[in-house]
Amino acid sequence: MSKPVIGVFALQGNVREHLEMLRQVGVEARPVRRPSELEQVDAMVLPGGESTTMDKLARSFELFEPLQKRIADGMPAFGTCAGMIMLANEITGGIADQETLGGLDVTVRRNAFGRQVDSFEADLEFAAFATPYHAVFIRAPWVERAGPDVEVLSTVSSGPALGRIVAVRHDRLLATSFHPEMTGDARLHGYFAELVASA
């Protein structure tokens, strides 16, 4: 089988960093800004950024509805930070008319950990990994409710946010509250690449 082609939503966020991490794990990675580029990929990464801006930009570039449909039709997707919000079926703390792409049966709270000054780093346990994963949280969301078919992959293990859900998987959708592209640890991108290859 040829290696999967994974796109990165390239209208906002840490696009270059995600492309680099995907290439490190041996997949072909491409920036996606338009529907014609979306048609050429097997899966998508939705990076961190500002979820309300990502929503508006996706509509401006006529990418929102084609992306929403591909996800509904089963395309694998990996949302990080704002990308997690974009994949969630339900948001709390959003703005009045904010919509999401949906597909992930969770309720996500925007800016759950506080403002930019409340950004932090933490070592997280993942069942899929032998050693902890060092995570960077920047104005991060968390999952307040996970549906019955959603697998919780990691929670915060100490501090005031103890027990909060920060990584989930639902079938072909993967989402994290934090920025895995900022750590130099490509294991989560590898995990997603394996998910895409098996889809």
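1. Let me start with Glu50, which is buried at a relative accessible area of 16% (buried is under 20% relative accessible area, exposed over 50%, partly exposed in between, with a 1.4 Å probe and protein chains only). Its salt-bridge partner is Arg110, at 2.8 Å from N to O (a salt bridge needs a side-chain nitrogen of Lys or Arg within 4 Å of a carboxyl oxygen of Asp or Glu). Arg110 is buried too, at 12% relative accessibility. Arg110 sits in the loop between strand E6 (104-109) and E7, and Glu50 in the loop between strand E3 (43-46) and helix H3 (51-60), so the bridge ties together parts that are 60 residues apart in sequence. Helices (H or I, at least four residues) and strands (E, at least two) are DSSP runs, numbered from the N terminus.

2. A word on provenance: this is a predicted model, where local features need pLDDT of at least 70 and side-chain atom pairs count only at pLDDT 80 or more, while totals for chains, interfaces and linings use all residues. Residues are numbered from 1 along each chain as its sequence is written, and side-chain values use heavy atoms, with hydrogens and water left out.

3. Back to the charges. The count comes to 10 salt bridges. Arg59 and Asp55 make one of them, at 2.8 Å from N to O; these two are four residues apart in helix H3, about one helical turn. Asp55 is buried at 6% relative accessibility, whereas Arg59 is partly exposed at 35%. Arg187 and Asp185 also pair, at 2.8 Å, with Arg187 partly exposed at 26% and Asp185 buried at 18%. Shared partners join Glu50, Arg110 and Arg139 into one salt-bridge network.

4. Arg59 lies over the face of Phe64, at 3.8 Å from the ring centre. Arg187 does likewise with Phe129, at 4.8 Å.

5. On to the aromatics: there are nine aromatic pairs in the whole structure (Phe, Tyr and Trp rings, the six-membered one for Trp, with centres within 6.5 Å; planes under 30 degrees apart are stacked, over 60 edge-to-face and the rest tilted). Phe120 and Phe137 are stacked, 4.5 Å centre to centre with 5° between the planes. Phe120 is in strand E7 (residues 120-124) and Phe137 in strand E8 (residues 133-137), so the pair ties together parts 17 residues apart in sequence. Phe120 is partly exposed at 26%, but Phe137 is buried at 1%.

6. Which way do the rings of Phe129 and Tyr191 meet? Their centres are 6.4 Å apart and their planes at 80°, so the pair is edge-to-face. Phe129 belongs to the loop between E7 and E8 and Tyr191 to helix H6 (residues 187-198), 62 residues apart. Both Phe129 and Tyr191 are buried. Phe120, Phe126, Phe129, Tyr133, Phe137, Phe178 and Tyr191 form one aromatic cluster.

7. Now the nonpolar cores (buried Ala, Val, Leu, Ile, Met, Phe, Trp, Tyr and Cys residues joined through side-chain atoms within 4.5 Å). The largest has 34 residues, of which Ile6, Leu124, Phe126, Phe137, Phe178 and Phe192 touch the most other members. E1, H1, E3, E7, E8, strand E11 (165-170) and H6 each supply at least two residues, and the largest share, six residues, comes from H6. Apart from this core lies another of 33 residues, among them Leu11, Met44, Leu67 and Ile91.

8. Helix H1 (residues 15-24) has Val15, His18, Leu19, Met21 and Leu22 as its buried residues. Seen down the axis, they fall within an arc of 165°, so they line one face of the helix (the arc is that of the directions from the helix axis to the C-beta atoms). Their cover includes strand E1 (5-9), strand E2 (28-32), E3, strand E4 (77-80) and H6 (contact means heavy atoms within 4.5 Å). After H1 comes Gly26, with a positive phi near 90°.

9. Last, Ser51, which is in helix H3 and is buried at 2% relative accessible area. Leaving out residues up to four places away in sequence, Ser51 touches Ala82, Ile85, Met86, Gln98 and Arg110.

Methods: Lys NZ or Arg CZ within 6 Å of the ring centre and 35° of its normal.
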